[in-house]
Amino acid sequence: MADEVILEYLHMEIISQFYRSCEKSDQDQCIAKLESLGFRIGQSLVERFTKESPRFKDELDTMKFICKDFWNYVYKKQIDNLRTNHQGVYVLQDNKFRFLTQMSNGKQFMEAAPKFLALPCGMIRGALSNLGVNCVVTAEVSAMPACKFQIQIQRA
Amino acid sequence: MSRQGTRGVDLRKVNGELFSLTYGALVAQLLKDYEDDEEVNKQLEKMGYNIGVRLIEDFLARSNVGRCNDFRETADVISKLAFKMYLGIQPVVSNWSAAGDEFSLLIENNPLTDFVELPPGHSQLNFSNILCGVLKAALEMVQMEVDVRFVQDTLKGDNITEIRLKFVKRLEDAVPVGED
């Protein structure tokens, strides 16, 4: 499907736009900005996706929704592995993450990976926040294009 | 079972929504960063330019179109193939100038503005200005310098969204120094 290409290009260009416009010293701020952009997208997306669906049973049910339906809508595949310690930490593993597939598999671009994952992290956080789950989402890459998202639930 | 309701969602449509929402969030962020409509227009065009440079490769690879004989044919390819392929819409080509070097693309349902309402005080903002950049860059890569700008925008209360394209000149391939 051709229209997936424009989303990928747009995502790439958003990243380089943000990095172009900020100084070398505040690159952390760029990550934060990308994350908050993702948050906003995740929030509005999940509102549309769950418009017609029944209430989630519990937290795990919500997570399954993120792994299956949400992932399927956004990345055209499901999460490959979901693990939890049943104490509020969930690890979602995607063996072939869409925004990393265009990069070479070696170690060469490992440093560049965080900026391509900030927006997706924000999207997960935004989606969950609108489903009533407050959390912190971080991502980790050990071998491209596989990627692990860790979701840590914040209980106030 | 529990999530049956959402499975019936049209994936293609979802993809479009994801795109519109991503773009909307981007514009909102740029407005916050630059606080100036003109500057945002400029940045959007620049981003579009960078996308267009790559997109033309993808387009030529997928569409299998050959050379266009004249600007009218180019206009047709842009509207019937390119817009259709990437945004799923087919703008109407019209308002040709007498010399045949200028035309308008009339867009009725601009997917970029699906969920958008322009707040007051942004009369200078061309929300979809990224399209201008994309068109300009893509055409430049096939040796055409074209001037692209927004004339009307439904977001600003016009009846239709209109992008005007003006052919400027044919670009010649520059041979690198020292080669014949």
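Trainee: How many residues lie between S3(A) and S4(A) in their hairpin?

Mentor: This is a predicted model, in which local features need pLDDT of at least 70, side-chain atom pairs count only at pLDDT 80 or more, and totals for chains, interfaces and linings use all residues. Residues are numbered from 1 along each chain as its sequence is written, with chains lettered from A and ligands numbered from 1 in the order in which they are written. Strands S3 (residues 135-140) and S4 (residues 147-153) of chain A pair in the antiparallel sense over six bridges (strands are DSSP E runs of at least two residues, helices H or I runs of at least four, numbered from the N terminus; pairing needs at least two DSSP bridges). The hairpin of S3(A) and S4(A) has between its strands six residues.

Trainee: Which residue in S4(A) stands opposite A:Ala139?

Mentor: S3(A) and S4(A) are antiparallel partners. Opposite A:Ala139 stands A:Phe149.

Trainee: How many residues of chain B are in contact with chain A, and which helix of chain B gives the most to that side?

Mentor: Contact (C-beta atoms, placed from the backbone, within 7 Å) joins 29 residues of chain B to 30 residues of chain A. Helices H1 (4-7), H2 (11-34), H3 (37-63) and H4 (71-87) of chain B each supply at least two residues of the side that touches chain A. The most, 14 residues, comes from H2(B).

Definitions and conventions:
Contact = placed C-beta atoms within 7 Å.
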